[in-house]
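Here is a protein model to look at with care, taking one term at a time.

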Amino acid sequence: MNLDQILEVAGRLAVTELAPRAAAVDRQASWPEEGIRALLAAGLGGLVVPRRHGGLGQGLYGLNRVCEVLGKGCPSAALCFGMHAVGSAVIAAKATTDQQARLLVPIAAGEHLTTLALSEPGSGAHFYLPASTVSKGPDGSYLVSGEKSFVTNGGHADSYVVSVVGTAPEAPMGQFSCVVVPADSPGMRWQEPWRGFGMRGNASGALRLEAVAVPANNLLGEEGDQLWYAFQVVAPYFLMAMTGVYLGIAARVIDELVDHMRGRTHSHDGRRLAQRDVLQHRLAALWARLEATRRLSYHAASEYDAGNPDILPAVLSAKAEVADCCVEVCNDAMTLAGGRAYGADSVFSRMLRDARAAHVMAPTTDMLRLWAGRSLLGEPLLRESDD
């Protein structure tokens, strides 16, 4: 499939499989299993897996566009799918021949769901500073111990890309390793499910790992080289996936607002909201805000795919901008749509709750703006003194 065909499939599933279940997913805080399985069955599971392994071979631009389409249908499902894609990209970046056969081929076939397990309760938004430890077992396997938090698809994925500290205790800041932990590994303990304000269906669980034995051939890349992964793979793919999700939320809300304005008539004068000058003006401003953010996102993703060495500030800024944009669009649209939008079960209120997660999902908005500024100035993104 080319990108146009991929988007057609994603758009159809967003309408037929994701959107009809989105309210229930939010209300019940349930993982969107039917939607995710439908996406995998349709061949989208290997979206970012290279074509030589049976995948669709898409980069940041394709990922961004697909997540936007899915975000219009069900933000939770879009986020879950996006995290699977990011995990797939991390595995694919330096996959060995063995990992290609065991992991990438099943992922591309829609038979394997993966995700990231990087965040930890003690490091907050600093996802690149894990405290989880790794040691060598007597049989040469890795023994992984620690705690992970906010693991999207937690308890539902077939594997987890888990970060651990560098093999040496004196390893410099940001030096860590990643291993792929199979879901059925003994010693994995899922904690009480996290109940969120929004994005309630992403199954963002906490995971305790107690000397979990991981085969040595599940190490990604070389020991301690994951700072490269963090900023060359994890960050760009994650940022573009999440930017797409939040573009989709904002686009859906504007569509809902347009429908509301066209269909709502005041009884005292018979005029539709769509005929009110001030509302036309406000709608246009929201549309322009979204469109400007969308173009930044598309530009950042496509230029990164093209190998532009100067595009990092745009990649970092895309999620920061979409966080501001999405919250603003959802909040103002609720105001313009009036009391009906304020209902607890309305699409507007649900989307506003989902939108708010964009600011706090690591890397946070403040962190991204700091990194973008440093990138523009030629300064290192990370410093020992960073809080």
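Predicted model: local features only at pLDDT ≥ 70, side-chain atom pairs only at ≥ 80, totals over all residues.

Q: What makes the space in the second largest cavity a cavity, and which elements supply two or more residues to its lining?
A: A space is called a cavity because a 1.4 Å probe fits there but cannot get out. The second largest cavity holds about 40 Å³ of space, and the elements that give two or more residues to its lining are H6 and helix H8 (312-337). The largest share, 4 residues, comes from H6.

Q: How does the lining of the largest cavity divide by class?
A: The largest cavity, with a volume of about 50 Å³, has 4 nonpolar, 1 polar and 4 charged residues in its lining. Asp26, Arg200, Arg350 and Asp354 are among the lining residues, and Asp and Arg count as charged. H1 gives the most to this lining, with 3 residues.

Q: What makes the largest pocket a pocket, and how much space lies in it?
A: The word pocket is used for an open set of points with protein on both sides within 12 Å along at least five of seven lines, and about 650 Å³ of space lies in the largest one. Of the 33 residues that line the largest pocket, the closest to its centre are Ser119, Phe150, Val360, Met361 and Ala362. By class, the lining has 22 nonpolar, 8 polar and 3 charged residues.

Q: Why is H4 called mostly covered?
A: A residue counts as buried when its relative accessible area is under 20%, and 18 of the 19 residues of H4 are buried, so by that cut-off the helix is mostly covered.

Q: What span is expected for H4, and how far does H4 reach?
A: The expected span is 1.5 Å times one less than the number of residues. For H4, with 19 residues, 27 Å is expected, and the helix reaches 27 Å from its first C-alpha to its last.

Q: Why do S1 and strand S8 (219-220) stand at the edges of the sheet?
A: The open sheet of 4 strands has the order S1-S4-S5-S8, with mixed pairing. S1 and S8 each have a single partner strand, so one side of each is left without a neighbour in the sheet.

Q: How do you know that S1 and strand S4 (residues 159-165) pair?
A: Pairing needs at least two bridges, and 4 bridges join S1 to S4, so the two strands, which run parallel, count as paired.

Definitions and conventions: Residues numbered from 1 in each chain as written. Heavy atoms only, no water. 1 Å grid on protein atoms, 1.4 Å probe; cavity = no way out; pocket = protein on both sides within 12 Å on 5 of 7 lines; lining within 4 Å. Points joined across faces, edges and corners; volume = space filled by probe spheres on them. Buried < 20%, exposed > 50% of the residue type's maximum accessible area, 1.4 Å probe, protein only.
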